[in-house]
Amino acid sequence: MGDLALLLPPGEAEVLVRELRSLELRDMGSRGWNQQHENLEKLNMQAILDATAGQGEPIQELLVTHGKIPTLVEELIAVEMWKQKVFPVLCKLKDFKPQNTLPIYMVLHHEASIINLLETMFFHKGVCESAKDTVLDLVDYCHRKLTLLVAQGGRGAPPEEGSQRSTSMQDLQKQAKLMEFEIALKGLSVLRYITDCVDSLSLSTLNRMLSTHNLPCLLVELLEHSPWSRREGGKLQQFESGHWQTVTPSEQQKLSKLDGQVWIALYNLLLSPEARARYCLTSFAKGQLLKLRAFLTDTLLDQLPNLADLQAFLAHLALTEAQPPKKDLVLEQIPEIWERLERENKGKWQAIAKHQLRQVFSPSEQDLRLLACRWAKIYRLDVLEAVAPERPHCASCSAEASKRCSRCQNEWYCCRECQVKHWETHGKACVLAAQGDRAK
């Protein structure tokens, strides 16, 4: 781990942090944007390595010191808007017939990179304060993701693998759906860390969480639907570390990490003095919250003893009268980033898509080789294995894998049959990565 801890040489991390800036939507995928994406990936991996090695949090300190948390939030919302407003238009353009979808995949993956970095950063309470007014935008972002998760709970998460005959664009769209699911789960974790700071949040942020979005009731919905759990072939599976994993009968009573995040967020929002003073317990909210009593079993309380306080709160709530909706006039701040980006780019979605089709997503073979070479330098295998939370999984069937693609050394497989099956999807990327590696 000693060598890996030096993924970024001394001083380079500070340079990368200083260079972080907000970019225009039309710049997504451009050369300058790619450079910033690479920098974020390096910072992301270094932050995970630091946290794993217990060597302090230098990346977090740098981001806070140089005031870059708001920049990360703005970039997060910008790529979210690109995915919603530009990407669908791009896919419908008649001239859009990409020979290689890797450049588009990197833009789609950008959101995952940023939310992963923010999840690592927001574990520390000081980061929430350094987000300043953008914490409002981040709360709105997390609310959008949680709403998607609740909707997802009724039909299960997207499948992890595509059909053998699907096109590269169809595969990309399936990957984007699965990635969106994983991003939403990260959003849940970020929201939980924000609730850890509920007593120091601004009145506007607190009102946004409790009144505008009614997050306690939304979290109850999440517990009921549990989109990260499913039954497959009579076996319980849970989504963890990017894959569906079968839960053994002896482990089924164990609280999952995601369920734990929901319970801690509920505890913070319902029992914090600041939140309790401002949350209006209407008849609807009372009815929703009392559903929690069925989940508060002795087994759960043994694993999260603090929930005994929540159980007592619910017992008291059951005996009290519901409150009428508040009609107080409240002057508050509102999130600005989404509305500003939408206002600046309104009516330009098709123009942006056409510009990016010509300038960004129609690269030459030489451009692709250069990109592959740069990515190979970033995604060093020793680093990826160090930051991976578990053993690698097969790129085709998601089973635990022990064999690696001999050409590019990037993908893992459990058997030769799976590698052959996945070649149609992996082939072009494999060739480019191998060529880029030889070019170094």
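## Overall make-up

Helices here are DSSP runs of at least four residues, and strands are DSSP runs of at least two. By that count, the protein chain holds 20 helices and five strands. The model is predicted.

The chain has 440 residues. Of these, 50% count as buried; buried means under 20% relative accessible area. The accessible surface of the chain is about 21,700 Å². Carbon and sulfur atoms account for 50% of that surface.

## Contacts along the chain

Take the contacts between residues at least 6 apart in sequence. Of these, 76% join residues at least 24 apart.

## The open sheet

Three strands build an open sheet. Their order is S1-S2-S3, and the pairing is antiparallel. Strand S1 covers residues 229-232, and strand S3 covers 243-246. Both stand at the edges. Each has a single partner strand, so one side of each is left without a neighbour in the sheet. From one strand to the next, the twist averages 35 degrees.

Look next at strand S2, residues 235-240. Four bridges join S2 to S3, and the two run antiparallel. Gln238 stands opposite Gln245 in S3.

How many residues lie between S2 and S3 in their hairpin? There are two. Ser241 sits in this turn. The phi of Ser241 is positive, at about 55 degrees.

Notes:
Residues numbered from 1 in each chain as written. Predicted model: local features only at pLDDT ≥ 70, side-chain atom pairs only at ≥ 80, totals over all residues. Heavy atoms only, no water. Buried < 20%, exposed > 50% of the residue type's maximum accessible area, 1.4 Å probe, protein only. Contact = heavy atoms within 4.5 Å. Areas by Shrake-Rupley, 256 points an atom, 1.4 Å probe, with all protein chains shown as cover. Pairing = 2+ DSSP bridges. Axes fitted to C-alpha atoms, helices over the stretch in contact; angles between N-to-C directions.
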